[in-house]
Structures are given as C-alpha cells and as structure tokens.
Amino acid sequence: MDVFQVANYKEYLFDTAKTIFGIDSPSGYYHAVVKEVEKIATGLGYKFEQIEKGCGIITIDGEDNSKTVMLSAHVDTLGLMVRSITSDGNLKFTKVGGPIMPTLDGEYCRIHTRDGRVYTGTIISESPAVHVHPDASTRTRDEDNMIVRIDEQVHNKEDVLNLGIQVGDYICYDPKTVVTESGFLKSRFIDDKGSVACLLTALKIMKEQGLKPQYKTKVFISVFEEVGHGASYIPSDVSEILAVDMGCIGLDLTCTEYDVSICAKDSGGPYDYDMTSKLIELAKENGLKYAVDIYPRYGSDVGAALHGGHNIKGGLIGPGVHASHGMERTHYSALENSINLILLYLGCKK
C-alpha cells in the first residue's frame, strides 16, 4: 500500500538517485557528494550542518522536541586507492571497503589526484590477453593480480608521477546506473546511495505534504560506513537510530527486490526488540510489502554507534538489493515500501 502517495515522487526519487550515484564518493572522499546532499536538503528548506568528521546532519523539528530520533544512511561507497606505481606505468591498488574483486575486471575508472586532476583508466587482470597469457581466464582476480591501466601515454613510473598521480590517490569505478522502464534501478552502490535517495525523497514528501514527525528528527549522512566507523560519533541528544541500509537477498533469506527489509539481527547481534517489533507492526498494519531477516555477514551504522559507546536503541530497514557489493539491483517497489516505512516510523502527521 502506498500510504503517503510516494508514487507521485517516483521521478524525483530516480532523478535524485542518478545525481548522487553520478558523484564519486568512496569512503573518505566525501566532499562533493555531501555538498550535493546539502544543496538538496537546504533547497527543501531544511537545516543542514557538517561535522568535523565529514558526515552531514539534517534536522527537522517534531511535535515533541524533548526526544530526538535519528535516521542514518551512508553516502560513501566502495572504491580503490593507489598503492604503488609499477615500473611500466601501471597502478597497483588497495581496496576501500569490500568490493567483490572479480566483478571489477574490465571496469572503467577515474583516478583523482590530490591537486584536482582526473584521469581515466581500466581495471584489468595482469594476465589480460587470452592470445598471450595461458592463465588469462584462470588467474585470481584480487589486489595482488590486478592493475589499473591509465589512459595516458605512460611508459614508466616517472611518466605517471609527472601526471600528478601518487600513492594515496582515489580510484573510483563507474556505477553504470540505469533505470529500466520496468522499474528496476540497477547500479553499483545502491548500498547505500539508494537509501540516501529514499531519505531525501521522504524529506520532500514531508515538506510538500505538510508532514511533521512525532519527535525531533536528525537525518545522519554517514561517510565512513563501508570501513566500519560511519556513525561511531552521533549527536549526544539522540536516543534511538533507525539505520536505512540495503536489505540482503539470497540463500534462505525471505527478502526480495520488491520488499522493504526489516533486519532482526546481523553480525553485531540483535537489533532493539521493541523497535524491530514496532517496525514489523507498522509494515503489517499498513499493507507494506516487507520481509524480516537475519544477516550474519552484515553490519550497519547502528553497530558503529553502539561500539562508539552511545546509549541508544537501534533498528535497521532498507530496500531489498540483489548482488550486494557487486553489480547491484533493486526495484522501485522496494524503494517505495522503504519510504513509506520511514515516514510511518517517524509518526508523520499533517
């Protein structure tokens, strides 16, 4: 059921997603994408602040400001970083976060230098040619056996250094974002830019429909989630966090690309019992398409906040995403159900 007429905002949701997906932002390389989120949020009339760590906070007054709840989603993605430059002018790299390395073989990428230059390249195996290398199809695809081939006339390490490329530069690979006529969003980094787009769409719905949350609400835009410490710091007035992150699909899990996922437990242990029960009840009562699952190979910003020593309750929801950390896909239905559950959780009223 579309409780808040989210379908009327479908074009806005996908346009926002495309904009955010189009900005390179591996963990720690957040400046441009956070500025874009700030532009969108302030354009809707919301207060935005950026903390020293780089994360953004959007604040919305509630009917009752004696309590503060927080929604968290992360705008940082997976990526790579230059580890070394080879004698023949290629780049060795290290992972930022946990991409599935075989899926990167053949991907186009951009190298961002510290002085603002951008070069293109391709991530390839060190045995890239079937007509040359006997192990072209069998060589392991990992950091030790892959390189970035730069699209410049470079023949040695010195040529690369003269381009301004150095160790520590970010390497960002293409998201390849596509929205199909059948309603699928397929792209890298739906984890978690898809959820960021959901939150920004929820804010637009709140503004245009005159909805006000029950409690003071802070929307936390995390920039280090993929490396584990995204929300390890949160504002001191927050008493509970609802992380909006991707739902997992596969094996014995019940979540699909059409559901909003409600996670009962992940690698950090169970989520708050009362919050999870409330989310299930809201989804059920309002006819949302949802799934309750357990994700043993997963962590969220709630876990980061708890490990950071914060005295909070935590829950986790998000759209079902297929092939996480690879070539991901979800459907508009999952995004719509997620937005509805976000607004229901906040107790939004006109």
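Trainee: Is helix α7 buried or exposed?
Mentor: 14 of the 14 residues of α7 are buried, so the helix is largely enclosed by the rest of the structure. Buried means under 20% relative accessible area, exposed over 50% and partly exposed in between, with a 1.4 Å probe and protein chains only. Keep in mind that this is a predicted model, where local features need pLDDT of at least 70, side-chain atom pairs count only at pLDDT 80 or more, and totals for chains, interfaces and linings use all residues. Residues are numbered from 1 along each chain as its sequence is written, and side-chain values use heavy atoms, with hydrogens and water left out.

Trainee: What does α7 span from its first C-alpha to its last?
Mentor: Helix α7, residues 332-345, reaches 20 Å with its 14 residues, close to the 20 Å expected at 1.5 Å a residue. The expected span is 1.5 Å times one less than the number of residues. Helices here are DSSP runs of H or I with at least four residues, strands are E runs of at least two, and both are numbered from the N terminus.

Trainee: At what angle do α5 and α7 pack?
Mentor: Helix α5 (residues 273-285) packs on α7 at about 120 degrees, and their axes are 10 Å apart. Axes are lines fitted to C-alpha atoms, for helices over the stretch in contact, and angles run from 0 to 180 degrees between N-to-C directions. The two helices are therefore oblique to each other; under 35 degrees would be roughly parallel, over 145 roughly antiparallel, 65 to 115 roughly perpendicular, and the rest is oblique.

Trainee: Which residues meet there?
Mentor: Met275, Lys278, Leu279, Leu282 and Ala283 in α5 meet Leu341, Leu344 and Tyr345 in α7, where contact means heavy atoms within 4.5 Å.

Trainee: New topic: how do α1 and α4 cross?
Mentor: The axes of α1 (residues 10-21) and α4 (residues 190-209) come within 9 Å and cross at roughly 135 degrees. That makes α1 oblique to α4.

Trainee: Last one, is Thr94 buried or partly exposed?
Mentor: Thr94 is partly exposed, with a relative accessible area of 28%. Thr94 lies in strand β5, residues 91-96. Leaving out residues up to four places away in sequence, Thr94 touches Gly79, Leu80, Met81, Arg83 and Glu143.
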